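Here are some notes for a colleague who is opening this entry for the first time. Please read them with the sequence and the structure side by side.

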Amino acid sequence: MAASADRNPPPFPEADEPEAGLVGPTDGDSDEGEDIFVNTRNPPSMTSQVERAGQDPPDLFTEETSTTTPVKSNGVPSDDDDLFAEASAELSTENLNTSSRKEMSASSGPRPVAAFVQSPVATATSLEQLEEEEDKDKFDVDVAVTNPEKVGDGMNAYVAYKVSTRTSLAMFKNKTFSVRRRFSDFLGLYEKLSVKQSLHGCIIPLPPEKSVVGMTKVKVGMDDPSSVEFVERRRAALERYLQRVVAHPVLLQDPDVRDFLEREELPRAVNTQALSGAGFLKMITKASDAVNKMTIKMNESDTWFEDKYQEVDNEEQQLRKLHAVVDSLVNHRKELCGNTAIFAKSMAMLGNSEDNTALSRALSQLAEVEDKMEQLHQEQAASDFFIFAEVLADYIRLLGAVRGCFDQRIRAWQRWQEAQSTLQKKREAEAKLLWANKPDKLQQAKEEITEWEAKVTQYERDFDRIGMTVRKEVLRFEKEKAKDFKTQIIKYLDSMLQSQQRLIKFWEAFLPEAKAIV
């Protein structure tokens, strides 16, 4: 390999040569003949063309078109074997990868690093393939979190939820089953998945945040209205979390997920304190800081990743603004609900003090209508919160998980570049040993070089694999997000329509009473 890499490329063909780029039948010792055995990465008869393309990118297509005659592996042209069909495709791919990898360079190593620039056509094709694969990943698993129940008394009390599963998959022992899980079990599941799967570039759905204040109220008295609302909020959030986990084609295959769904007793989850609301933000911030402190900065040349990362940042900012507006809307409806109740009570008192019978009856009927409107406002406030506010909060956290996937890809790239830098240092050390004539240490140096060459190859494959996984995960995330928002918007509109129809009926029933006032 070293001899082949150090060889100078053959001279460019002259303009008057009719068979440019072809090897004569008698030229058995040419570079092309040698590269068949020393450089198996490229097609046998195209190695010299690949080297020229790497040196002179503008002549990429000229070099390809010049080799229009099929050539056998021994350098002899042949009219019988059509080898050029495969060789042309491989050559084009290799040329593109060679030119793109030279655009991203590390300051600590002379070797070019991968930028993986893809044309829009290639990107679109890969995304279509990913979408086809995603359409095949359909799993018949329905999970529901219901029946929250307080277990124990005092500050040692906790709430257990019933997790019910219905499925037709053969990986589970039964078709329908249910278990009881506490909140720390959900956090423990997330912790296990994040340790195993996030390193591969998967988007791990996040469970709801811890709330010390809310849980303290539940421990003191679960019958309190605020405690009931808190438990219902958490129940709905845990259900959404589990539904996202089982909808993920990779996470569903995880043994910890299957144990969580069907195993009666689980080991007590520990070290979940860091998974509180502040803990999630610290984890994301810490990961971003680690990426920013890299000694080898990644010069992102793949526009797809650069654009998607920018889209994630912009979308998170917009979702945070929308979430604040929805919170304000919920508070406004709650305030309107309270004011409507006060208005209804005042109207009823006025009707009781009125001497005019018809007017008194009309005022009393109006008070009843306002009481019903108070209930509508309360239901609408709950609808605004559970349909919009909670889902927006979920996706704000999920976008943080998406950023984590991009960070994992950058870490894989850095690991690859550090290995390349180390390999270069090992080669320099070997050269010094050769110069100093120390054969006793030369064998060890060669073994270290072989070891780090294998590591560089493996880390490059890891980078490629994580990059493809991130692409697929982002595509799946965008599809699921569109489905979720469509479902929530339709549900919200149905709720609004039902509320307005009920309101119209209330006013239509009151109108005759108002007209009867004399």
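**Notes on the chain**

1. The chain exposes about 28,900 Å², and 54% of that area is supplied by carbon and sulfur atoms. Please keep in mind while reading these points that the model is a predicted one.

2. In terms of secondary structure, the chain has 14 helices and five strands. Of its 518 residues, 41% are buried, and among the contacts with a separation of 6 or more, 73% are made by residues 24 or more positions apart.

3. Turning to the strands, β3 (residues 141–151) pairs with β4 (residues 158–167) in the antiparallel sense, over nine bridges, and within this pairing Thr 146 has Lys 162 of β4 as its bridge partner. The hairpin formed by β3 and β4 has six residues between the strands, and in this hairpin Gly 152 takes a positive phi near 90 degrees.

4. Strand β4 also pairs with β5 (residues 176–182), again in the antiparallel sense, here over seven bridges. A residue to look at in this second pairing is Val 163, whose bridge partner in β5 is Val 179.

5. Among the helices, α13 spans residues 357–436 and holds Trp 416. Is Trp 416 buried or exposed? Trp 416 counts as buried because its relative accessibility is 1%, whereas the cut-off for a buried residue is under 20%.

6. Trp 416 can also be viewed together with Tyr 459, which lies 43 residues apart from Trp 416 along the chain, while the C-alpha atoms of the two residues are separated by 5.0 Å.

Technical notes: Residues numbered from 1 in each chain as written. Predicted model: local features only at pLDDT ≥ 70, side-chain atom pairs only at ≥ 80, totals over all residues. Heavy atoms only, no water. Pairing = 2+ DSSP bridges. Helix = DSSP H or I, 4+ residues; strand = E, 2+ residues; numbered from the N terminus. Buried < 20%, exposed > 50% of the residue type's maximum accessible area, 1.4 Å probe, protein only. Contact = heavy atoms within 4.5 Å. Areas by Shrake-Rupley, 256 points an atom, 1.4 Å probe, with all protein chains shown as cover.
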